[in-house]
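Look at the sequence and the 3D view first, then read the points below.

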Amino acid sequence: GFSLGGSGVLRPSQDRLMRVTIGGDDGYRSFLDGKEMAGHWGPHRLTFREREIELEAGQEYAVSIEYYDNTSSAEMHFGFEFVDKAARDKAIRSADAVILCVGFNSSTEKENSDRTFNLPQGQAELIGEVCSMNPNAVLVVNSGCGIAMLWIDKVKGVARARSPGQEGGKDMGEIR
């Protein structure tokens with residue numbers, strides 16, 4: 001096993017919503033000004049965590065990540081993006097309908113590996129948020145196995161993509 005870490009400073013030029021995504025096998029976590037943003041510390045298979053954080057223009061934020069590998073393969077991911085939440089919410093509210101893709105990918109669901117029965121972290125909350133802005137939401141769920149659908153009464157419909165492969169998005173887009 002081994003461990004690694006990294007740090008830096010973030011200085012946004014305008015008020016921003018930042019979406020942080022971090023994942024890995026075994027322990028990982030991310031911090032903003034010393035407070036944990038997202039993580040899953042402990043030995044486990046590959047998982048991901050995501051969180052959105054409001055940032056103020058001109059403010060300086062200390063960002064750091066930590067990771068350790070316990071055994072065998074080591075995999076760690078970290079990324080962030082800035083989201084124009086006002087534009088996103090306006091588009092959701094004004095759309096005739098919303099098609100929201102949720103579920104698992106080849107890193108979070110694969111053969112010979114258990115996964116949670118719930119959608120990956122943050123996705124159920126996203127479904128609720130989108131449905132509160134537009135009642136005409138339809139989900140495309142990427143899942144090779146069953147999932148908990150606690151949000152089913154909020155959506156107009158569900159299409160299960162199962163394991164669609166590289167042309168799956170195109171195929172789903174051609175459904176009439």
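Predicted model: local features only at pLDDT ≥ 70, side-chain atom pairs only at ≥ 80, totals over all residues.

**Aromatic rings**

- A search of the whole structure finds 3 aromatic pairs.
- In the pair of Phe-80 and Phe-82, the ring centres are 5.8 Å apart and the planes stand at 75°.
- This pair counts as edge-to-face because the angle of 75° is over 60 degrees.
- Phe-80 belongs to strand 7, which covers residues 76–83.

**Arginines over rings**

- The face of Phe-82 has Arg-16 lying over it, at 4.8 Å from the ring centre.
- Arg-29 lies over the face of Trp-41, and here the distance to the ring centre is 3.7 Å.

**Surface patch**

- Which residues form a nonpolar patch on the surface? They are Phe-78, Phe-80 and Phe-82.
- Together, the three residues of this patch have about 260 Å² of accessible area.

**Helix 2**

- Helix 2 spans residues 123–133, and its buried residues are Gln-123, Ile-127, Gly-128, Val-130, Cys-131 and Met-133.
- An α-helix has 3.6 residues a turn, so residues three or four places apart point the same way.
- Among the buried residues of helix 2 are Ile-127, Val-130 and Cys-131.
- What covers the buried residues of helix 2? The cover includes helix 1 (85–94), strand 8 (98–103) and strand 9 (137–142).

Technical notes: Residues numbered from 1 in each chain as written. Heavy atoms only, no water. Buried < 20%, exposed > 50% of the residue type's maximum accessible area, 1.4 Å probe, protein only. Helix = DSSP H or I, 4+ residues; strand = E, 2+ residues; numbered from the N terminus. Contact = heavy atoms within 4.5 Å. Phe/Tyr/Trp six-rings, centres within 6.5 Å; stacked < 30°, edge-to-face > 60°. Lys NZ or Arg CZ within 6 Å of the ring centre and 35° of its normal. Patch = residues over 30% accessible without salt bridge, like charges linked within 9 Å, V, L, I, M, F, W, Y side chains within 5 Å. Areas by Shrake-Rupley, 256 points an atom, 1.4 Å probe, with all protein chains shown as cover. Salt bridge = Lys/Arg side-chain N within 4 Å of Asp/Glu carboxyl O.
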